Amino acid sequence: EVTVEGHFLGRLEGLNFRADTRGKELEARTVNSAALKALRPEVDLRLGQLIRTDLDTITLDEQGQLLWRDYAVAKLVAGTTTLKPVVQLIGGELGSPEARSLAQSALQTHINSLITTRLAPLFALKSATDGVEMAGAARGLAWRLFEAGGVLPRDRVAEEITALEQNERRGLRALGVKIGEHVIYVPALVKPAPARLNAQLRHLANGRDGATLLPGPGLTSVANDRAYSLADYIACGFYPCGARAVRLDILERLADLIREARTKTGRGRFELLPSMTGILGCSVADLRSILSSLNYRRLKEGPDPEKAEGEIWVKRSMRPASKKIAEKPRMTQPIVVDADNPFAALAGLKLETKQPTKTKPRKKSRRRPVTKKSNNVADKIEKPGKQDNKTKTTIDKATANPETKAKDETIRMKAESNKTTQ
C-alpha cells in the first residue's frame, strides 16, 4: 500500500502502480501528483533489484508474462522470428528511463538464454543445416523440422524420407530425430518444459488470442478440443487422433504395440489389448476412435463392447486413385496481361488455326443377295421344305403339263436301263 500523510493513494504491484481513484477528479489529480513524488524512489529501487536478482527466480506463465515476486513485471510480444520474442515491461513508468532500460535488457537476456537452453535440440537442427556435415535430403528435412518446431507429420514428408540414404538416417538420429510411423519428431522437445516454451512462442508468433494450449505434465492423451488446430497440438507435443489428442512418444509406442500384435496374429490383423488403453489413459471407445483416425478398421467385434478383448482390427487398404485425365476448365474471364511483361506483345497476336475438313461418311450399298435358280424340276421336288409358295406353284404347273410329264417319264426309263446294263 502507498500512503502519504496517512492518506491511502493506491497499491504498487510489482512495477505497476494502481491509484485509488474513488475520490473526486480534483482529489484524483492531487493523489497522482503526490504518488509521483513518493513512488519514484521506490520504483527505481525495485528496478535495481530486478536487474541484480537471480534470473532463475523469474518465471514465465501461460499468458507469456514474466513473474517476479508473484507479480507480472514484463510480457513477451512477437519479434522478428518465432524464437526471438521481445520483452516489454509492465509498469515502471514512474521510475527513471535509465533504470527501466537496464531492467528490460536484463529480462531480454534472461529470455534469450532460457530459449537457447530449453530448445537446444531445435537449435542443433539449424546448426546442422548451416554446416557442411549434412547434405542432400537429410539437410532439407532437418531444416523443415527446425521451422516446424521439431515435429512433422510423416505423410507430409513421405518423399523426403524415402529419398534418405543410410548415412543420412544415421546423421538425423545423431541429432535426436526419430522417424516414427506417424510423425517425425525430436523426443527431447516433447518433455514438459521444452514443449511448454515451444507452444508459447508459436502461439505468440501466430498472433493467437487467449491462453496457450498447454496440457498438464504427465498426461499421455487429452480430449481433442476442436477449437485448437493441428499446429497448436503439434507445438505442445501432441497429435489429434479422433476423440483424443495423443502425446507424440505415446503415439509411436502405440504403433509398436500394434506392430507386435500383427506379428503374432499374421495377415496384418491384430487384437486390441488392455495395454493399449493403459498407455493412452483412455476408454475402449476412445481407443476405437483413435484407431479409426489412424486408418484402421474393425473386422470382428469382441464379446463385451466395454472391453478390448476379442476385437480384431486391420489396416484399411489404400485404393489407387483413378487415372482419369481432368478436363481443363474453360476460361470464363479474359486474361489480364501485365504491360511490363516482356512477352506482353505476344498476347496481341492472333494465330490462324485450320479447322479440319469434315468428310461425309460413305453410304453402304444395299445389294440384294443373288440366288441361283434351278431349272431341274427334280431338284425342286426333292427339297420341299425349302420351297416357297411361288416355286411350289411352278412345280405344280410343270407336273400338270402332259408334255413335261412325258419327258420326265422318258428320262426315268433311260436311267433305269442304264442301271440294268451296268
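Reader: At what N to O distance do the side chains of D256 and R259 meet?
Author: This is a predicted model, where local features need pLDDT of at least 70, side-chain atom pairs count only at pLDDT 80 or more, and totals for chains, interfaces and linings use all residues. Residues are numbered from 1 along each chain as its sequence is written, and side-chain values use heavy atoms, with hydrogens and water left out. The two form a salt bridge (a side-chain nitrogen of Lys or Arg within 4 Å of a carboxyl oxygen of Asp or Glu). The N to O distance for D256 and R259 is 2.7 Å.

Reader: Which helix holds D256 and R259?
Author: They sit three residues apart, about one turn of the helix. Helices here are DSSP runs (H or I, at least four residues; strands are E, at least two), numbered from the N terminus. Both residues belong to helix 9, residues 248-265.

Reader: How many residues apart are E62 and R196?
Author: E62 pairs with R196 in a salt bridge, closest N and O atoms 4.0 Å apart. E62 is in the loop between strand 4 (59-60) and strand 5 (65-68), and R196 is in helix 7 (residues 192-205). The pair links distant parts of the chain, 134 residues apart.

Reader: Is D232 buried or exposed?
Author: D232 lies in helix 8 (residues 230-235). Its relative accessible area is 13%. The cut-offs are under 20% for buried, over 50% for exposed, and partly exposed in between (1.4 Å probe, protein chains only). So D232 is buried.
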